[in-house]
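Open the model in your viewer and keep the selection tool at hand. This tour tells you what to pick at each stop.

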Amino acid sequence: MRSAKLECVVLVTCGSRGEARRIAHRAVAARLAACVNIATAPVESVYRWKGAVETAREFLLIIKTTKPRLAVLEDLVHRFHSYDVPEFIVLSLAGGSRAYLQWLSESVSGASRKKPKRTATH
């Protein structure tokens, strides 16, 4: 395991599965994310909006990226998201598998040296 310096995870919730998929595909295609997991079973969100307590079914994106890509990724989320104020929460990583973190960094930079083995979950 190595410590993660640049790698991070971003959480974004979306109002529909289609919206979640569109944002995920755009982020990976643009090399703003190495991988995006979409929680296909909706989560129930309870939140305060415009003075009222609201409840909504949402789809959670778990986006693996690097800190240098965050500003452009956040811009992409805002451009293609239906919410006025989309969730965009960045979690720093304490560490991870050396090979995985290298793959993650290379995937967003486009500097991949070798093709990694495919794993069940990224």
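Start at Arg31. This residue counts as partly exposed because its relative accessibility is 38% (buried is under 20% relative accessible area, exposed over 50%, partly exposed in between, with a 1.4 Å probe and protein chains only). Arg31 sits in the loop between helix 1 and strand 3 (35-38). Helices (H or I, at least four residues) and strands (E, at least two) are DSSP runs, numbered from the N terminus. The phi of Arg31 is positive, near 60°, and Arg31 is not a glycine. Most residues other than glycine have a negative phi.

A word on the model: it is predicted, local features need pLDDT of at least 70, side-chain atom pairs count only at pLDDT 80 or more, and totals for chains, interfaces and linings use all residues. Residues are numbered from 1 along each chain as its sequence is written, and side-chain values use heavy atoms, leaving out hydrogens and water.

Next, select Lys50. Look in the loop between strand 4 (43-49) and strand 5. Lys50 also has a positive phi, about 55°, without being a glycine. At 70% relative accessibility, Lys50 counts as exposed.

Now go inside. Select Val10, Val12, Leu61, Ile63, Leu73 and Phe88: these have the most contacts inside the largest nonpolar core, which has 19 residues. Such a core is a set of buried Ala, Val, Leu, Ile, Met, Phe, Trp, Tyr and Cys residues joined through side-chain atoms within 4.5 Å. Strand 2 (7-14), helix 1 (17-29), strand 5 (52-66) and helix 2 (70-80) each supply at least two residues of this core.

Last stop: a second, separate core of five residues, including Ala34, Cys35, Trp103 and Val108.
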